[in-house]
Each structure stands twice: as C-alpha cells, then as structure tokens.
Amino acid sequence: MTANGGSKAVGRSKATARAELVRDGLGVSRGIAIGTLYLHDAGTITVPELRIPAARLDAECARFNEASANAGRQVEQLQDKAGRLGGAAGEELGYLLDAYRQMLHGSRLLRGVEARIRNDRINAEAAVQQEINEIVRGFEAMEDPYLAARVADIKDIGRRLLRALTNTAYRPFTALPRNAVIVAEEMTPADTALLDPNQVAGLATVMGGSEGHTAIMARSLGLPSVLGIADLLTGVKGGEQVIIDGTNGLVVINPGPETLAFYRRERAAFLKARRVLSRLKDVPAVTRDGGRITLQANMELPNEVGAVLDSGAEGIGLLRSEFLYMNRDDVPSEDEQYAILKDVVERMGGRTVTVRTFDAGGDKLAPALGCTIGPNPSLGLRAIRLGLARQDLLEAQLAAILRASAHGPVRILIPMIATVGELRATREVMNRVIRRLRKAGVSLPDPLPRLGAMIEIPGAALSADSIAWHADFFAIGTNDLVQYTLAIDRSDEAVAHLYNPLHPAVLRLIQFTTQAAQRANIPVSVCGEMAGDPRYAPLLLGLGLRDLSMSTSNLPVVKNRIRSLDLAAAETLARTVMEQTDSGKIGQLLDGFQGH
C-alpha cells in the first residue's frame with residue numbers, strides 16, 4: 001500500500017466527501033487503527049507574571065523548591081508504574097523518567113528558575129515559564145532531529161512544575177471510549193506510556209517527530225501513530241469515527257463507507273503481513289540464489305537492546321553514543337560511560353556492537369561539552385573534529401569503549417571523517433589510551449577493537465581509496481552523505497523535498513566507497529535510512545553491499561525483501577541504474593524491479 005493508494009481510497013467516497021476530513025502528517029508507527037476520536041487536553045496552564053518584593057524572594061524560592069520536590073516525588077511514583085509496565089515500553093519510560101528526575105534535582109533548569117526569581121524579582125510560575133521557553137528555543141534551533149525532539153521532554157517538566165506550584169490536579173485518560181484514538185495538540189512521553197494498548201487503538205498529534213520519545217513509545221506499544229499534523233484539530237470533535245494510517249502518515253476523520261471498507265481490508269492485510277514477518281526473526285537474510293546478507297540494528301538508547309534482540313538483528317551496526325551527554329550540564333566520566341557500554345555489550349550476548357564516538361559539538365550538546373555555537377554548526381567544530389580538538393573528551397570515551405570491549409565483540413566507528421590525517425590522528429589517540437590502560441593493568445581483548453571510518457562527507461567518499469589504507473572498516477552514513485552532496489538540509493521544509501538518495505551523484509559516491517573497501521579487503525556497511533527501506537535493498541546489494549544496519553522496526557521488512565531477491569538480478573539492476581543520469585528514471589527502475 002502507498003500513500004497515494006490511501007488518498008485514492010478517500011477520494012472514491014464521493015457521497016461522503018464533504019463529511020470526511022483527511023489530514024497528512026508524519027507516520028511514526030506503522031499500522032492502521034480504526035476507532036473513536038478522543039480529544040486529549042495536555043493540561044496547559046497559563047500563568048501571570050507578578051512582581052515579588054525583595055523581602056519575599058527567599059520565601060518565593062522556598063515555595064519553588066518545595067514544588068520541584070513534589071514534582072520529583074510524582075516522577076518517582078511514575079517510575080514505580082514504569083517498572084510494572086515491562087517490555088520495551090517500560091524500559092523506554094524508565095530511562096526517560098530517570099532523566100526527568102535528574103532535571104528536578106539540582107539541574108541547570110532549577111538553578112535558572114531560582115536566578116530569575118531573584119534577579120528579575122518575579123513569581124516562581126513566571127520564572128518557570130520563561131526558563132522553559134528559553135531552553136525550548138535552544139533545543140528547537142538544533143539541526144539534529146533527535147535532539148530537537150527533546151523539546152517535548154522539557155515542556156513536560158515545565159508543566160509538572162507549574163501544576164505543582166498551582167496545586168492543579170491532572171488525571172488524563174479517565175474517560176476513554178472503547179477502542180479510542182487519541183487526538184491531541186501534543187502528547188508527553190509519560191502520557192503516552194499511560195495508554196493501555198488494549199483500550200487505545202491509535203494516536204495523532206499536532207506536535208512531534210519520528211525521533212521523539214512519544215514516537216518511540218508509540219512504536220514500543222505498537223500503536224499506529226501519525227504526528228506533526230499542523231491542521232489536525234481544525235473542525236474535529238470527540239466521538240467521531242477516525243482512521244489512523246501510521247504507514248502512510250494519514251488521518252481520516254468521519255470516513256465514508258467506501259473509505260472505511262478500504263481501510264478495514266488494509267488493516268486485515270497489515271496484521272496478516274506482520275504475523276508472517278514475525279516468523280522471520282530467526283531466519284537468516286539469504287537471497288534466493290544463496291547470497292548471505294548481514295542485517296544489524298541502529299540504536300539510540302541502551303534500553304533498546306531488547307528490541308534489537310527481538311528483531312533478529314545479528315549485532316548493533318551503529319550505536320549512537322550521544323545519549324551519554326543528554327540531559328546534563330557536565331561531561332560523563334570514563335567510568336560512567338564504561339558502565340553503560342559494558343551493560344550493552346554484555347546484553348548483546350556475543351553479537352558485535354559498533355560504537356560511534358560522539359557525533360556532537362557545534363549546536364549539538366554544546367552546553368555539556370563546554371562549546372560555543374559557531375556561525376554554521378553543521379560545517380563547524382563537531383564530531384571527530386571536536387574530539388581531536390578536545391582530546392580529553394575523546395580519550396575518555398575511547399578508554400570506556402576499550403574497557404567495555406573486554407566483555408564482548410566491539411568495533412569503534414569515527415564520525416565525520418574527511419581526511420586521512422584525521423583517522424591517523426584518531427588512531428594515535430587510541431594507541432595512547434591503550435598504552436595507558438595496559439600500564440594501569442586494565443584487561444583488554446586480543447585482538448583489540450577495529451577502528452572504522454564513517455563515510456558521510458563527499459570528500460571522504462572520493463578519498464575512500466586512501467582512507468581505506470588506514471581504516472579497519474567503512475560504514476556509509478547515507479543521511480548526511482545525501483545532505484552534504486546535494487547541499488540540502490532535510491529539516492528545512494523549504495528544501496526538504498529536494499532530498500533524494502537516488503541522485504546519481506549520491507549513488508556514485510556509494511559505489512565508489514564500496515569498491516574502495518573491496519579493493520582494500522575491508523568490510524563496508526550502510527547504516528543510513530537507505531538501508532532500512534526495502535525499496536533500496538536490491539540496488540544496495542547490486543552495488544556490492546552485504547552488510548546493512550537499520551532501525552529494528554524496518555529490519556523484518558528488509559529481510560523479507562532480501563529473501564525475495566536474486567543477487568545476480570540485483571547486480572544487473574545496479575549496472576542499469578548506474579548508467580542512468582535521471583533520478584526519476586532510477587526510481588522507476590527500482591519500483592519495477594521484481595527481484596529475479
């Protein structure tokens with residue numbers, strides 16, 4: 001089924017066209033839900049700004065501290081509930097609430113509020129609102145979608161503080177209809193975790209993106225969801241029938257008979273397909289003519305290990321280590337990083353874990369790393385450039401990864417490599433750390449973890465032959481490779497439609513990098529979103545790639561596609577594609593390819 005297919009189905013219902021409302025958004029959790037619309041109020045509180053006399057400032061600060069302590073106790077109670085929730089959703093909520101608890105105990109947020117009370121002589125409620133607004137503006141300015149999505153967490157903490165200050169009760173979801181579809185301006189991750197999948201069919205919101213906790217929670221709970229619908233709340237009311245098409249990012253309110261019948265058939269087909277895909281967990285990814293493909297998982301947070309294992313992934317092809325620096329004002333110590341990474345490595349039970357050193361700096365996590373934001377953060381001091389400029393940070397992380405590698409197979413991946421010199425300098429730092437650890441009597445594995453280069457800059461791809469002499473493996477990050485090759489910021493709505501992984505220049509860089517790795521006899525994988533799209537699987541295999549890493553939700557779909565392909569036919573397809581200069585024709589070739 002395609003997005004166009006869903007729109008056509010709605011269009012066929014001429015008799016009810018006026019009654020139907022169709023909304024487009026971002027499908028973040030696949031599947032189709034049909035249920036009763038429930039309008040959810042997030043409990044937003046409007047507060048006035050009041051002047052506080054100097055003599056009452058201590059009392060106002062004390063009132064705020066008592067409120068933050070109360071909010072902290074509420075979060076601890078939620079943590080108890082999260083423990084009973086179990087599964088991936090329980091782990092996700094537990095991690096999130098732990099971050100909430102840290103923010104409610106001696107954080108930059110609390111210090112900022114108290115400073116506003118004293119310096120501006122305003123009431124605590126106004127100080128909370130102003131501090132939250134400032135932090136939110138900073139997060140929203142970040143170009144990384146995962147970090148920008150933390151805005152929902154900050155707003156949720158702000159609402160908790162305001163409810164505690166104003167003694168406002170908040171009891172969401174107390175009168176849900178049967179088979180409810182939640183429609184809201186915004187859902188906090190904690191609210192999402194309170195949803196009972198046996199009572200709630202789906203979710204749609206105005207705010208939110210695919211990288212946020214709400215999206216992650218929705219996927220963990222298996223709720224078909226569409227987020228980021230600007231006009232979602234226009235002309236809707238509770239009690240109407242609603243369809244959520246989480247696969248194609250569509251919401252249909254008050255569907256006509258034809259539309260309803262169409263989506264009932266689609267839902268039955270989706271559930272049947274999911275049952276079939278679940279049986280592939282323990283089946284290898286082998287093409288029809290015997291080609292063995294390795295499928296690994298991308299991972300954002302340590303609590304996703306369970307989902308990685310459930311997906312049947314053969315390892316972690318990309319562990320983004322930025323989570324180590326999230327929601328804090330300081331830098332994590334070597335011991336702190338080691339403890340978290342060791343836990344991940346041990347839980348993977350002998351499957352390889354590829355840890356990418358921090359892809360941070362510039363706009364990303366600047367406060368925690370003590371950096372200032374440059375004029376062009378994406379092209380500034382970030383990733384390995386920051387690591388080599390701040391070798392204390394890089395050494396601490398490399399030491400933590402090396403120590404964790406004593407507990408299972410680990411690879412180290414360096415982001416944003418642009419030159420051979422950067423990789424050689426990184427290896428020198430790593431060798432220095434190894435000598436220090438050995439001198440201190442720390443147990444290290446033999447052989448030591450391999451050191452790989454992430455190829456995501458066009459210059460690196462074009463220098464792949466020389467970089468391959470100094471790298472133990474390559475991982476092609478197609479998301480940034482496409483952005484930098486086409487000079488397209490896909491988070492910018494004005495140009496996002498120009499983002500195109502099938503641009504001939506992008507495909508030539510992937511081909512060139514893959515062939516360079518093959519000539520140097522080193523492994524090469526793809527870990528960008530291209531790897532997780534079954535449409536691209538025959539092309540990537542045809543270009544010579546045998547190792548793909550993707551989100552756990554996409555892995556069964558891609559495995560199913562691979563098992564329908566012949567490698568020889570995929571290679572013929574790739575040769576035909578690489579002769580094309582029009583990305584539109586390339587797309588048609590992929591859509592028309594049968595696999596054998």
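**Reading charged side chains**

Trainee: Aspartate 343 has a relative accessible area of 35%, so it counts as partly exposed. Which side chain forms a salt bridge with aspartate 343?

Mentor: Good place to start, and keep in mind that this is a predicted model. The general idea is that side chains of opposite charge can pair when their charged atoms come close. Here the partner is arginine 347, with the closest N and O atoms 3.6 Å apart. Because arginine 347 and aspartate 343 sit four residues apart in helix α12, about one helical turn separates them. Arginine 347 is also partly exposed, at 31%.

Trainee: Which residues do salt bridges with shared partners join into one network?

Mentor: Glu322, Arg356, Asp359, Arg382 and Asp480. Let's look at one pair: glutamate 322 and arginine 356 meet at 3.0 Å, N to O. Glutamate 322 lies in the loop between β11 and α12, while arginine 356 is in strand β12, 34 residues apart.

Trainee: Is glutamate 322 buried or exposed?

Mentor: Buried means under 20% relative accessible area. Glutamate 322 has 10%, so it counts as buried, and arginine 356 is buried too, at 5%.

Trainee: How many salt bridges does a search of the whole structure find?

Mentor: The search finds 25. One of the pairs is arginine 436 with glutamate 334, at 3.3 Å.

Trainee: Which residues gather in a patch of positive charge on the surface?

Mentor: Arg267, Lys272, Arg274, Arg275 and Arg279 do. Find lysine 272 in helix α10; its relative accessibility is 54%, so it counts as exposed.

Methods. Residues numbered from 1 in each chain as written. Predicted model: local features only at pLDDT ≥ 70, side-chain atom pairs only at ≥ 80, totals over all residues. Heavy atoms only, no water. Patch = residues over 30% accessible without salt bridge, like charges linked within 9 Å, V, L, I, M, F, W, Y side chains within 5 Å. Areas by Shrake-Rupley, 256 points an atom, 1.4 Å probe, with all protein chains shown as cover. Salt bridge = Lys/Arg side-chain N within 4 Å of Asp/Glu carboxyl O. Lys, Arg positive; Asp, Glu negative; His and termini not counted. Charge placed at Lys NZ, Arg CZ, Asp CG, Glu CD. Helix = DSSP H or I, 4+ residues; strand = E, 2+ residues; numbered from the N terminus. Buried < 20%, exposed > 50% of the residue type's maximum accessible area, 1.4 Å probe, protein only.
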